[in-house]
Amino acid sequence: MSQIQNFDDVSDAVLLEEVKRRFDQKNSTLEEMAFLTKKLYVLNEKLKEHDSIKGEFLSLIKNVFNNPLSSLLNLSSMMRKNEDTPKTQKMKLLLDMELRKLDFQLNNIFTAAEIEAGEIANYWSEVDLKLIVEEVKEAFSYLIEEKELVFISDIEIGRLIVSDAKKLHTIFSNLISNACEYSFPNNQVIIRATIEDDMLCISVSNVGDVISKEFKKEIFSRFKKVGVHESKARTSVDGLGLGLSIVSGLVESLDGEVDYCSNEEATVFTIKMKLQEYEKAEALMSESANEFMFDDTQEMKEF
């Protein structure tokens, strides 16, 4: 249609035709928008269904692995207490060590999947930090003994804190595991915890491979391993490279931040987390804040 300079010269029929054309064009646009909106709605519903199925699948897989594994760990622990021949005792220790490794790696895989899916809600309760550190120390006792490390725990808190016990256990497991794995033999692994200005301050230090500054941005990424230099500290290192990314994700969910410094004298990972109010724990308070670690123990008897 040619450009119209003066509407006074245009007939009513032409004007009506132009109005109709523009109306049809607008109507077509509205229909297209309605179609796209419907498609987006359907896609959104499918995504919701997908997330729901993913969450159910993850929960199912966790139960399939965790329940028998917890039972095997309890059995293994009980078997170690029974005196036997040196050869049998050695086999028991190896069984216990491999089960602990498997339990640790599976927990990391499930935790990483939960973080990826955004399913990391906090479950507040009163927590005994010393008890958690002792639990983790026991879990990695085979590595501490293998490298003849001196494990020093300096928890200067003197009271229970309100936090998520399971998340703290996973955080300490990964930091202590890394500290032991990358330590030079016959050195110290030091755990410290204090309360400063309403903040929980935790540090885990060891003497081993120096982490280059160039890895500062990558160190907490998934599938990245902390050391790159060949040394005697790396001979027994294995894993999935998930540990520090899990630590970062869990610490962030607990209103905290994690960082590190590394030199020839020591590598120190530090965590600062906001202390939670005791009122947050009331709804989920239990007889033991660490009960998740002992669910199966009470049901089993020594033999």
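The expected span of a helix is 1.5 Å times one less than its number of residues. Helix H2 (residues 86-117) can be set against this rule. H2 has 32 residues and reaches 47 Å from its first C-alpha to its last. The expected value is 46 Å, and the span of H2 is close to that figure. Just after H2 comes Gly-118, which takes a positive phi of about 75°. The model described here is predicted.

The protein as a whole contains seven helices and seven strands. Along the sequence, these elements follow the pattern α-α-β-α-α-β-β-α-β-β-α-β-β-α. Of the contacts between residues at least 6 apart in sequence, 75% join residues at least 24 apart.

Five of the strands form an open sheet. Their order is S2-S4-S5-S7-S6, and the pairing is mixed. Strand S2 (150-156) and strand S6 (256-262) are the edge strands, and each pairs on one side only. Neighbouring strands of the sheet are turned by 10° against each other on average, with direction ignored.

Within the sheet, strand S4 (residues 188-196) pairs with strand S5 (residues 199-206). The two run in the antiparallel sense, and eight bridges join them. In this pairing, Ala-193 stands opposite Ile-202 in S5.

Helices also meet the sheet. Helix H5 (residues 165-182) packs on the sheet and touches S2, S4, S5 and strand S7 (267-274). The direction of H5 makes about 25° with that of S5. Helix H6 (residues 243-253) lies across S6 and S7. H6 runs at about 140° to S6.

Burial and surface were also computed. Of the 303 residues in the protein, 36% are buried. The protein exposes about 19,100 Å². Carbon and sulfur atoms supply 54% of that area.

Two cysteines fall on the buried side of the cut-off. Buried means under 20% relative accessible area. Cys-180 has 0% relative accessibility and therefore counts as buried. Cys-201 has 12% relative accessibility, so Cys-201 also counts as buried. A search for disulfides across the whole structure finds zero.

Technical notes
Residues are numbered from 1 along each chain as its sequence is written. This is a predicted model: local features need pLDDT of at least 70, side-chain atom pairs count only at pLDDT 80 or more; totals for chains, interfaces and linings use all residues. Side-chain values use heavy atoms; hydrogens and water are left out. Helices (H or I, at least four residues) and strands (E, at least two) are DSSP runs, numbered from the N terminus. Buried means under 20% relative accessible area, exposed over 50%, partly exposed in between (1.4 Å probe, protein chains only). Contact means heavy atoms within 4.5 Å. Accessible areas come from the Shrake-Rupley method with a 1.4 Å probe; for residues, only the protein chains shown count as cover. A disulfide is a pair of cysteine sulfur atoms within 2.5 Å. Two strands pair if DSSP finds at least two bridges between them. Axes are lines fitted to C-alpha atoms, for helices over the stretch in contact, and angles run from 0 to 180 degrees between N-to-C directions.
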